[in-house]
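Biologist: I would like to learn how to read the features of a model such as this one. Please take them one at a time.

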Amino acid sequence: MDIVFQLLFQGIGIGSVYALVALGFVLIFRATNVVNFAQGEFSMVAAFLMVIFSVDLEWPYWISFLLSLGGMAIYGALFNLGVYFPLRHRTYLPVIISTIGASILVSNSTLALYGPQPQVLQPLLDFPGFNIGTVYLDAQYLLIIGVTVVLVAFQYWFFEHTLLGKKLQATSQDKEMASLLGIPVATMIMLTFVYSAMIGGLAGIMVAPILFVSIHMGGTIALKAFAATIIGGFGDVAGAIIGGLALGVIETFGAAYVSVPYKDGFAFLVLVAFLVFRPQGIFGERVAEKA
Amino acid sequence: MPLIELKNVSVRYGEIEALRGVSLSVEAGEVVTLLGGNGAGKSTTLRAISGLTKPASGEILFEGKSLAGLGPEEIVRMGIAHVPEGRRVFPGLTAHENIMLGASNRSGVSKTQIDQEADAMFDLFSDIRPFQHVLGWTLSGGQQQMVAVARGLMAKPKLLLLDEPSLGLAPVIVSKVFEIIKEIRRRGTTVLLVEQNARMGLSVADRGYVLETGRLVVTGKPDELWNNEDVRAAYLGGHARAAAKA
């Protein structure tokens, strides 16, 4: 029985990372109606910023952490200006191609700078973890789960209880109407990219000590997060979180009981199953347009 | 000086000329209705005023200032609120939240004050008070129309542009919406009202303009327009309805 709790804990830990990245996906999708294929690179860039600040420059961990998050805010703003903004009046296709281009550019620039060897990043916390009974709670996983809970709570409060949150929602639902009311649509979308880059970056920084920091980490995380959004119901915030957690748990149990080499395969097995049997996801389309 | 003045405004959608040299004006405190059949250019006129569509030529003056080159966000901050065709209520926000966002053009107003003003809107729109915490997409057409008009009023506009507020509504709801327009007029807000339903449009207006395929054909007082055979002939809607009512 203890092994089940152990796996559940680890599954929720890694699932939290998928949930955070999925959240970033959904927020950008809702604001721009476009899937950002460079979402995973938000996590990768943040992890490399951590490597630059804390490993290469040997700056204190927490300062590096704050600088990396600040760097991600700037990265998100530049990403919006360079990748989305010039194409905002076009259809979704040029924007999608633009995000794919950005993804390739960023990974290959990183490859040129750091080479193919994975980098190692130390965990954020000094103590390794502790036992409850025979279940070992790793500090890094605890941190990831804790930060995710706080962020999700913050985001719920922000979107449901602040006027700015309502304006962001209005922008995602009808941009033309939002601009008719005087809501600064371009600024709202800019804020969405900044926030999305920051939570994606946070996920990358937190998962970096568990995985390695490499140019491939972005792609892996983005695919899992994408699967999570499909499972939860595309465009649904709660669905992204539940989908991410579910995916983390499924692949952890799958690795333990079925096959370790096929660990990454389980995510896509679940994804395909959902696309075939329940394409609208767990939560479906909650908001339907009335004819 | 008129509150809003269009001078020889033309609008093109690709090859199609939706407005051809339209000139009209609305004085402060007036309710003016813009009548015409489908595709006459009524909505295009409103879209040109609120900045959603750029005129190909001509000039639009609001309080004597040109609106050329300004986007919708800037124009609504100057005091022109546009309640567009199809109501466009945000589907995933509640009626109350939709109405609160109508104040987005006003700066330096606290959330508490906006909240109170939105509450006060339900005095005028008492029919939707029970639905204020219901998501927009679940509201009926009439309820959505009331939310849309209330949201427009939250901008505290000097000029309110209403596009087909009666479209797709049951007759009893249409008369409710027009009662509200009369109340808005009584409170002194200037209104430019687009209507296909000529009888309802003229019933609340000081003056009317009739558009036909992008051109103004006639203008005058409501009773002059109503008794004008050309106007009746200009679009079947008014003619048929007038005949049905007689």
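Modeller: Start with elements: helices (H or I, at least four residues) and strands (E, at least two) are DSSP runs, numbered from the N terminus. Axes are lines fitted to C-alpha atoms, for helices over the stretch in contact, and angles run from 0 to 180 degrees between N-to-C directions. Two residues are in contact if their C-beta atoms, placed from the backbone, lie within 7 Å. In this case, helix α1 (residues 42-50) of chain B lies across β1, β2 and β4 (57-62) of chain B, at about 70° to β2(B). The model is predicted: local features need pLDDT of at least 70, side-chain atom pairs count only at pLDDT 80 or more, and totals for chains, interfaces and linings use all residues. Residues are numbered from 1 along each chain as its sequence is written, while chains are lettered from A and ligands numbered from 1 in the order in which they are written.

Biologist: In what order do the 4 strands of the open sheet in chain B run?

Modeller: Two strands pair if DSSP finds at least two bridges between them. Here the order is β2-β1-β4-β5 (chain B), with antiparallel pairing. β2 (16-26) and β5 (65-66) of chain B are at the edges with a single partner strand each, so one side of each has no neighbour in the sheet. Strand β1 (residues 4-13) of chain B pairs with β2(B) over 7 bridges, and B:Ile4 stands opposite B:Val26 in β2(B).

Biologist: Into which domains is chain B divided?

Modeller: Domain bounds come from an automatic or database domain assignment. It gives domain 1 (4-79 + 157-245) and domain 2 (91-155). Their centres, taken over C-alpha atoms, are separated by 24 Å. At their contact, 14 residues of domain 1 of chain B meet 11 residues of domain 2 of chain B. On the domain 1 side, α6(B) gives the largest share, 6 residues.

Biologist: How many residues does each chain bring to the contact between chains?

Modeller: Chain B brings 22 residues and chain A 19 residues. On the side of chain B that touches chain A, the largest share, 4 residues, comes from α2(B).

Biologist: How many residues has the largest nonpolar core?

Modeller: Such a core is a set of buried Ala, Val, Leu, Ile, Met, Phe, Trp, Tyr and Cys residues joined through C-beta atoms within 7 Å; buried means that 20 or more other C-beta atoms lie within 10 Å of the residue's own. The largest has 148 residues, and those with the most contacts inside it include A:Ala47 and B:Leu161. Helix α1 (residues 2-32) of chain A gives the most to this core, 15 residues.

Key:
Buried ≥ 20, exposed ≤ 12 C-beta atoms within 10 Å, placed from the backbone.
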